[in-house]
Amino acid sequence: MTEATRQGGCLCGSVRYESSWPPDLLLTCACSNCQKQSGGAVSVVAGVARDALQCSGELKTFVDQSASGNAVYRQFCPECGSPVLTDTDAAREGGVIFFKAGTLDETHDLVPTVHCWAGSGQGWLAYPGGDLVMQKQEGLA
């Protein structure tokens, strides 16, 4: 890749990826499924063009269902269980792919500015002023 890139991977190192940087979108999702899948209050997700992400190693896919009933393809390392990619049919049609930003090797400067499904989030979670905070998910793949 010729532009700036970042690398990341799963906990055990079996899955590795390289992505263009910065991402087109950096967001948090507090839907109940992302909370369960991440084990935290939110999932931090980066969105990039599909051709801007190169991934190596085996991923297993769990087909989840969004609140709207659409398929969400949650891809994770079958060895250590680390969530790595999230995909949807709409993202595929739009040429976008999402990766779990917490799996990046360098995370100190992550600043999500979009927050979706805040209405499903933990009551104690506060979002920064000026950020786009959606109670559900409007207009994202």
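1. D87 is buried, at a relative accessible area of 2% (buried is under 20%, exposed over 50%, partly exposed in between; 1.4 Å probe, protein chains only). R50 is partly exposed at 30%. Their side chains meet in a salt bridge, 2.7 Å from N to O (a side-chain nitrogen of Lys or Arg within 4 Å of a carboxyl oxygen of Asp or Glu). D87 lies in strand β8 and R50 in the loop between β4 and β5, so the pair ties together parts 37 residues apart in sequence. Strands are DSSP runs of E, at least two residues, numbered from the N terminus.

2. This is a predicted model: local features need pLDDT of at least 70, side-chain atom pairs count only at pLDDT 80 or more, and totals for chains, interfaces and linings use all residues. Residues are numbered from 1 along each chain as its sequence is written, and side-chain values use heavy atoms, with hydrogens and water left out.

3. R50, D87, D89 and R92 are linked in a salt-bridge network. The structure holds 7 salt bridges.

4. E106 and R6 also form a salt bridge, at 3.5 Å, N to O. E106 sits in the loop between β9 and β10, R6 in strand β1, 100 residues apart. R6 is buried at 8%; E106 is partly exposed at 37%.

5. D105 pairs with R16 in a salt bridge at 2.6 Å, N to O. D105 lies in the loop between β9 and β10 and R16 in strand β2, so parts 89 residues apart in sequence are tied together. D105 is exposed at 51%, and R16 is partly exposed at 31%.

Methods
Helices (H or I, at least four residues) and strands (E, at least two) are DSSP runs, numbered from the N terminus.
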